[in-house]
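Visitor: I have a model open and would like to go through it with you. Could we start with the helices?

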Amino acid sequence: MLLIGMFDSPFVRRVAISMQWLDMGYEHADWSVGRDFDRIRQHNPLGRVPTLVLDDGEVLAESAAILDYLDDRVGPARALLPAGGRERRQALQQMALAIGAAEKGREQIYERAFRPPEKRHEPWLQRCRSQMHGALGTIERYCEGLGARSWLVGSALSQADITVSCAFTFLRESLRADDLSARYPRLAALVDLRETLAAFKNTHTPFFSPGGQ
Ligand SMILES: N[C@@H](CCC(=O)N[C@@H](CS)C(=O)NCC(=O)O)C(=O)O
């Protein structure tokens, strides 16, 4: 399998960590959505990452669809998303908040990377920031409610841990001025723990602005 996209993208990284955690081999095409746009579009008409090219040539786009494929392939006993009930709901909810926050961070970065300074719109950036903080604040409160537990749901690593960690690491490293670790200390502490795991360390890469700035 060929996984296309740079690991500074939380969407790509959550797929890479999941594949490593599930012992699935893959080749990595470390292509940038800015510099390598045309190359990416040869596989995915949207020109987006992650894109996963299966061994038979089938192409999967959209990280949620790829994660669903991975879980389906390993079967219910090893799937990273809990099979049902409250744990599944909580995992999906924390993942939705984290992915939403990451998307709002991405919008702030793209405003800087792809728009000339005179076309940047501060009210839009302000809206993105407040949506991002709304979601992160909700995850922080959820983490506070975990007490001494360190997994977000259940008693083992799940997709919620992977996705929340990828989103938070991306945001705190790409929007450094915001000091998100100080603002969301419980979330930051849990993510710090996750980032010591091998699959997280192997996929950690410094943020690279797609506009080259
Ligand atoms: N919802 C998508 C979001 C993926 C995404 O936003 N990827 C960014 C890189 S971080 C991208 O491909 N940007 C290029 C573009 O949208 O033009 C997913 O989860 O796969």
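Visitor: Is the crossing in which H1 passes H6 left-handed or right-handed?

Guide: H1 passes H6 in a right-handed crossing. A crossing is called right-handed if the near helix is turned clockwise from the far one by less than a right angle, and left-handed if anticlockwise. Please note that this is a predicted model, in which local features need pLDDT of at least 70 and side-chain atom pairs count only at pLDDT 80 or more, while totals for chains, interfaces and linings use all residues. Residues are numbered from 1 along each chain as its sequence is written. Helices (H or I, at least four residues) and strands (E, at least two) are DSSP runs, numbered from the N terminus.

Visitor: At what angle do H1 and H6 pack?

Guide: The angle is about 140 degrees, and the axes of H1 and H6 are 9 Å apart. Axes are lines fitted to C-alpha atoms, for helices over the stretch in contact, and angles run from 0 to 180 degrees between N-to-C directions.

Visitor: Which residues make that contact?

Guide: H1 contributes Pro10, Arg13, Arg14, Ile17 and Ser18, and H6 contributes Gln159, Ile162, Thr163, Cys166, Ala167 and Phe170. Two residues are in contact if their C-beta atoms, placed from the backbone, lie within 7 Å. By type, the contact of H1 with H6 has 6 nonpolar, 3 polar and 2 charged residues. Here Ala, Val, Leu, Ile, Met, Phe, Trp, Tyr, Cys and Pro count as nonpolar, Asp, Glu, Lys and Arg as charged, and the others, Gly among them, as polar.

Visitor: And how do H4 and H5 pack?

Guide: Helix H4 (residues 85–114) and helix H5 (residues 122–144) pack at about 155 degrees, with their axes 9 Å apart. H4 and H5 are therefore roughly antiparallel to each other; that term applies to angles over 145 degrees, whereas under 35 is roughly parallel, 65 to 115 roughly perpendicular and the rest oblique. The crossing of H4 and H5 is left-handed. The residues of this contact divide into 11 nonpolar, 6 polar and 4 charged.

Visitor: Changing topic, which residues surround the ligand?

Guide: The ligand is surrounded by Ser9, Phe11, Val33, Gly47, Arg48, Val49, Pro50, Glu62, Ser63, Ala64 and Arg106. A residue is near a molecule if its C-beta atom, placed from the backbone, lies within 6 Å of it. This shell divides into 5 nonpolar, 3 polar and 3 charged residues.

Visitor: Is the peptide bond from Val49 to Pro50 cis or trans?

Guide: That bond is cis, with omega near 5 degrees. Pro50 is in the loop between helix H2 (37–41) and strand S3 (51–53).

Visitor: What about Phe7, buried or exposed?

Guide: Phe7 is buried, with 23 other C-beta atoms within 10 Å. The cut-offs are 20 or more other C-beta atoms within 10 Å for buried, 12 or fewer for exposed, and partly exposed in between, with C-beta atoms placed from the backbone. Phe7 lies in the loop between strand S1 (2–4) and H1. Beyond its neighbours within four places in sequence, Phe7 is in contact with Val12, Arg13, Ala16, Thr203 and Thr205.

Visitor: How far is Phe7 from Pro206?

Guide: Their C-alpha atoms are separated by 8.5 Å, although Phe7 and Pro206 are 199 residues apart along the chain.

Visitor: What is the phi of Asp23?

Guide: Phi of Asp23 is near 55 degrees, a positive value in a residue other than glycine. Asp23 counts as exposed, because it has 8 C-beta neighbours inside 10 Å.
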